Amino acid sequence: MRRTRKRSTLANRAIAASAALILGGGGLIAANFYASAGEGWYGSWQQQQQQQQQPLNAGQQMSTIDCPEVANGLPEVPGQARAEVDRELAAMDTQITEAYQRFADQKEQIEQDPAFAQNAILNPLKDKRVAAIGRIVIAIDRSAQRPSGLENLAPCSLRADDTTQVKDQNDGGDQNGDGQNGGDQNGDGQQDQGGQDQGGQDQGQDQGGQDQGGQDQGQDQGGQGQGQGQAGNGPVAGDFVDIQNVQPNVRNPRKLSGASRGSFVTDCGRNENGKFNPDNVIVAPGVSNGAHHMHDYVGNQANDAFASDDDLARGQTTCRNQGDKSTYFWPVLRLQNGQNENDANADGGGNDKNVGEILTPSQVTMNFVGSPVSKVSAMPKFLRIITGDAKAFTNGDANANASWSCTGFEDRQLKDKYPICPQGSQVVRTFKFQSCWDGQNTDSANHRTHVAFADQNGRCPNGFRAIPQLVQRIVYDIPQGTVFAVDSFPEQLHKPITDHGDFINVFNNRLMQQMVSCINGGRRCA
């Protein structure tokens, strides 16, 4: 049964809409939705096909703000400077959010006077980013070599949402066994860039700035939000694809004689108790609303922006085995059906353009598996792992690790599209976390380089050791014909490629050793 969180009375201001969705015969027929805040849409399939045949429109509307990710340009940050650097990076996220809000509120004026955006939005944002980068440089300079060149990451630009449905939905490749598509996973945890998608455009980066048919089906028209959910903030029609039109693309590496073939399952529930917050204690410790979108939490119940390792160690857990106090969290999924949540006027919710009815998963499974080529070592306590990139729409797909599918079709994984599932099939999000650890650090300055993905053959990079790989599978019962969207930073437009998951290991030593023994011994334990 589908379960959702309690709704607010703001739903009464939504415009009523109904839609028929018929899947089959390789086609999609749907009624249009005209959306107010949080109300869904589906453009008719025939109309989209006609639009795709029209010439490109050189005057396409800009849809978001694109800023370089300063965290990706940082050198190794000394431990004594890390808290200050994290706060400044979180402050820069807030600056982008505020600038995006001004951009969204003044789109009409920007279209009439493009210089207005530069003078009123982009230049002031650049000045704020220069000041924040300066403070980051000073913080690092106190105890390490002064970084140079970071100021080059200060300027931002406007970009268009060029999502269309003319691309090859096969997505051009697989993830060599990690169940993802759209590029290989390298030993350094990065995904190959460029050209995996058919039709001359990289699907992860969505660059090029041109829509088919003059205006993208989901483009906000005159500020009315027609053709979109999220009141003109995405997603758009081109973000969805019929899973039945996607070719199987999952390959798993061959297991060698030394493989660790066992598994360990931990049951921590589905967030039935409704623990949400828009914090991210990994990326933005000590910063309220550091994520600017709402997270589901299972496992440790002490997790918020201010939780220390000691707080997590003392925290309560929803996990059936109380030896697992780990924290598992991911962005919530919302229905775009005109129903608003109690966070409609709160940070992380409506204040950050995340609106709609939050879905409780119908199923959550968390399985730790082994390496196809070796035994695994225990994870260190308080190891932090982030998989995927919450800013992949503007950052590109280097760190993207989104994986969308439908029950019954999980040999077909989508990276930058939401699936339209046939009758009786449910939406599935799969997160396969990094399975290689540097053997020393529980975190790193960019929260990535202390862990890595195995290569296409399942081998860890030099200097890294195999650890149990967390595989999260989150299933949702979504009414047929209802648009849905993952929570995101507002400027990321709720793109499916921005999906991501977070994990902090708080297994006690005994249970961790049991997990390793089960996996290395080829047993299945729960």
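His-295 is found in strand E9 (residues 295–299). Helices (H or I, at least four residues) and strands (E, at least two) are DSSP runs, numbered from the N terminus. The model is a predicted one, where local features need pLDDT of at least 70, side-chain atom pairs count only at pLDDT 80 or more, and totals for chains, interfaces and linings use all residues. Residues are numbered from 1 along each chain as its sequence is written, and side-chain values use heavy atoms, with hydrogens and water left out.

Is His-295 buried or exposed? His-295 counts as buried because its relative accessibility is 0%. Buried means under 20% relative accessible area, exposed over 50%, and partly exposed in between (1.4 Å probe, protein chains only). The side chain of His-295 makes a polar contact with the side chain of His-293, at 3.3 Å. A polar atom of the His-295 side chain also lies 2.9 Å from the backbone oxygen of Asp-279. A polar contact is a pair of N or O atoms within 3.5 Å; within protein, one must be able to donate a hydrogen and the other to accept it, and residues adjacent in sequence count only if both atoms are side-chain atoms. Leaving aside neighbours within four places in sequence, the contacts of His-295 include Lys-275, Phe-329, Trp-330, His-500 and Asp-502. Contact here means heavy atoms within 4.5 Å.

Next, the cavities. The structure holds 6 cavities of 30 Å³ or more. A cavity is a set of points, on a 1 Å grid over the protein atoms alone, where a 1.4 Å probe fits but cannot get out; lining residues have an atom within 4 Å of a point. Grid points are joined across faces, edges and corners, and a volume is the space filled by probe spheres set on the points. About 520 Å³ of space lies in the largest cavity. Its lining has 35 residues, and Glu-69, Asp-93, Val-283, Asp-389 and Lys-391 lie nearest the centre. Which element gives the most to this lining? Helix H2 does, with 5 residues. H2 (79–105), strand E14 (384–388), helix H6 (392–395) and strand E23 (500–504) each supply at least two. The lining divides into 14 nonpolar, 12 polar and 9 charged residues. Ala, Val, Leu, Ile, Met, Phe, Trp, Tyr, Cys and Pro count as nonpolar, Asp, Glu, Lys and Arg as charged, and the others, Gly among them, as polar.

From H6, follow the chain onward. Asn-401 lies in the loop between H6 and strand E15 (404–406). Asn-401 counts as buried because its relative accessibility is 1%. Its side chain makes a polar contact with the side chain of Thr-387, at 2.6 Å. The Asn-401 side chain also reaches the backbone oxygen of Lys-432, at 2.9 Å. Lys-415 is 14 residues from Asn-401 along the chain, yet their C-alpha atoms are separated by 7.1 Å.

Now turn to strand E13 (residues 363–369). In a regular strand the side chains alternate between the two faces of the sheet. E13 has a covered face of Val-364, Met-366 and Phe-368. Its uncovered face holds Gln-363, Thr-365, Asn-367 and Val-369. E13 pairs in the antiparallel sense with strand E7 (residues 263–266), over 4 bridges. Two strands pair if DSSP finds at least two bridges between them. Thr-266 has Met-366 as its bridge partner in E13. E13 also pairs with strand E21 (residues 469–476), antiparallel, over 7 bridges. Thr-365 stands opposite Arg-473 in E21.

Key. On a 1 Å grid over the protein atoms alone, a cavity is a set of points where a 1.4 Å probe fits but cannot get out, and a pocket is an open set with protein on both sides within 12 Å along at least five of seven lines; lining residues have an atom within 4 Å of a point.
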